[in-house]
Amino acid sequence: MIETPLKFQTPVVNLSKRAATDDAPWTVAAIEALMDLPFADLMFQAQTIHRQNFNPHEVEFATLLSVKTGGCPEDCAYCPQAARYDTGVEATKLMECDEVLAAAKAAKAAGATRFCMGAAWRAPKDRDIEKVAELIRTVKSLGLESCATLGMLEDKQAQALADAGLDYYNHNLDTSPEFYGDVITTRDYQDRLDTLVNVRGAGVKVCCGGIVGMGESRQQRAALIAQLANLSPYPESVPINHLVRVKGTPMADLAPLDPLEFVRTIAVARITMPTARVRLSAGRREMGDAVQAMCFMAGANSIFFGEKLLTTGNPDTDADLALVKRLGMHSRQVTTTA
Ligand code: SAM
Ligand code: DTB
Ligand code: SF4
C-alpha cells in the first residue's frame, strides 16, 4: 500500500449526478509511484490488466474530420486553430452534409469504425448544434459510431446531440489542474468538468484525455491521469495526445519529451482505467513504429486512422495497416444500428 500525503490527493468528481462510487480515489502519489517503477514492471502490470479486459491483438480505428477549422477565439497554447497564433491555418465555415457524407463513406471503406467530427469553437451556438445534429444523423446512417468535439456544451445542447444519435463526445481535460493555467487562460478547469457532467447527463459516452509533452513534470502527468481516473464513472474513451509542436504556437520550440515517458503515461492510463479504450492520439507520425508498438504493449487499443488529424499530419493508412499486421494485430469490428 502506498502512503499518500494529503496534498497529493485528488477528489472524485462525480459526473453522474448520483452518489460517488465507493471506489477509493486514485492519488497522484500512487500514480507517480507506478510511473517510477522499473519500466519492465510497469509494462507487465499494464499488459496484465489490459489482457484481463481486452483482446490484446485488437485495435480500434477512429477517423477524424475537421468540420469547422480555425479562427478559434481561445488561447490554448498548443493549438494551431487559435486565431491569435500565426500558424497558416485558414478559417473555414461548417462543412455541408454531402462533404461529411463523402468523408465518412471513405473512412468506412478504409476500415474505420468510429468517425469523429471536430470544430474549432469555444462553444457551439444553438444553430450550430442543429447543423451538427444533421451531420451526426448522416454519419450514423452509414453504421459508423459517431463522436463530436465542439467545445463547451450546455445540458440542452448535449441532449440535442444525444437525440441525433451521438455515441461519444470528446472534451479533454488536457493537463493537470496545477499546470492548466500555463496552457489556457480563456476557460477554466471547472468549465471542462461542467461540460463532462452535461455530456454524461444526456447519456452520451465520454471521450476525455489530454496532452503530454507540453513541459509538464512527471508529477503533473500523474495528476492528469488521476483527474481522469477519478471521474465517476471514468471516461469510456481516453485519448492520450503527444504534443504536435506547430510553428506559430507558443509551444512550437519546446524540447521533445522522452518517448519512454509517453509510454509510461499510456501504461498508467491503462492501469487506472482498466475498461477504457485508451487512444494513441496526436503525435504518432513523429513517434516511429517501435514507440507505437510499446504503447500497444502498455495498453493502448485505439488510434486515429487517416492521413490527417484536424489540421496536422497523421501516418499514412498503408503504413498503419502494415504496422498493425507486423504486430500480429487486427482492427476492431463493430456493428452499430444505422
Ligand atoms: N475546440 C474544441 C475543444 O477545444 O474542445 C474541440 C477541438 S480541439 C482541437 C480538441 C483537442 O485537440 C484539444 O483538447 C487538444 O487536446 C487536442 N489538440 C489540439 N492541438 C493539439 C496539438 N498541437 N497537439 C496535440 N493535441 C492537440
Ligand atoms: C483528441 O484528443 N485529439 C484529436 C481529437 N481529440 C479531436 C485532435 C488532435 C489535434 C492535433 C492537432 C491538429 O491536427 O490540429
Ligand atoms: Fe479552440 Fe479547441 Fe484549439 Fe482551444 S483546442 S484553440 S478551443 S480549437
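User: What volume does the second largest cavity have?
Analyst: This is a predicted model in which local features need pLDDT of at least 70 and side-chain atom pairs count only at pLDDT 80 or more, while totals for chains, interfaces and linings use all residues. Residues are numbered from 1 along each chain as its sequence is written, chains are lettered from A and ligands numbered from 1 in the order in which they are written, and side-chain values use heavy atoms, without hydrogens and water. A cavity is a set of points, on a 1 Å grid over the protein atoms alone, where a 1.4 Å probe fits but cannot get out. With volume taken as the space filled by probe spheres set on the points, which are joined across faces, edges and corners, the second largest cavity comes to about 30 Å³.

User: How do the residues lining the second largest cavity divide by class?
Analyst: Lining residues have an atom within 4 Å of a grid point, and here they are R114, C116, C147, N170, C207, R279 and F304. Ala, Val, Leu, Ile, Met, Phe, Trp, Tyr, Cys and Pro count as nonpolar, Asp, Glu, Lys and Arg as charged, and the others, Gly among them, as polar. The lining therefore has four nonpolar, one polar and two charged residues.

User: How much space lies in the largest cavity?
Analyst: The search of the whole structure used a limit of 30 Å³ or more and found two cavities. The largest is lined by 37 residues, with Y78, C79, Q81, N172 and L310 nearest its centre. By class, that lining holds 21 nonpolar, 11 polar and five charged residues. The space in the largest cavity is about 840 Å³.

User: Which elements give two or more residues to the lining of the largest cavity?
Analyst: Strands are DSSP runs of E with at least two residues, helices are runs of H or I with at least four, and both are numbered from the N terminus. Counted this way, the elements that contribute two or more residues to this lining are β3 (114-119) and β9 (237-242).

User: Where does ligand 1 sit?
Analyst: Around ligand 1 there are 17 residues (a heavy atom within 4 Å), and Y78, W121, N172, D174 and V244 come nearest. Their classes are nine nonpolar, seven polar and one charged. A molecule sits in a cavity if more than half of its atoms lie within 2 Å of its grid points, and for ligand 1 that place is the largest cavity.

User: What share of its area does the protein bury in ligand 1?
Analyst: Polar contacts here are pairs of N or O atoms within 3.5 Å. A nitrogen atom of ligand 1 lies 3.1 Å from a backbone N or O atom of W121, and one lies 3.0 Å from a polar backbone atom of V244, while an oxygen atom is 2.7 Å from a polar side-chain atom of D174. By the Shrake-Rupley method with a 1.4 Å probe, ligand 1 taken alone exposes 550 Å², and the buried share is 91%.

User: Where is D174 found?
Analyst: D174 has a positive phi, near 70 degrees, although it is not a glycine. Most residues other than glycine have a negative phi. D174 is found in the loop between β5 (168-170) and α6 (177-180).

User: How much of ligand 2 does the protein bury?
Analyst: The shell of ligand 2 has 13 residues, the closest being N172, N241, L310, T311 and T312. A nitrogen atom of ligand 2 is 3.1 Å from a polar side-chain atom of N170, and oxygen atoms of the ligand lie 2.9 Å from the side chain of N172 and 2.8 Å from that of N241. Alone, ligand 2 exposes 410 Å², of which the protein buries 88%.

User: Which cavity does ligand 3 sit in?
Analyst: C72, E74, C76, Y78, C79, A82, A120, W121 and R187 surround ligand 3. By class these are seven nonpolar, no polar and two charged. The cavity that holds ligand 3 is the largest cavity.

User: Which residues does a cis peptide bond join?
Analyst: The proline of this pair, P233, is placed in the loop between β8 (231-232) and β9. Most peptide bonds are trans. Here omega is about 0 degrees, and the cis bond joins S232 and P233.

Notes
Polar contact = N/O pair within 3.5 Å; in protein donor to acceptor, adjacent residues only side chain to side chain. 1 Å grid on protein atoms, 1.4 Å probe; cavity = no way out; pocket = protein on both sides within 12 Å on 5 of 7 lines; lining within 4 Å.
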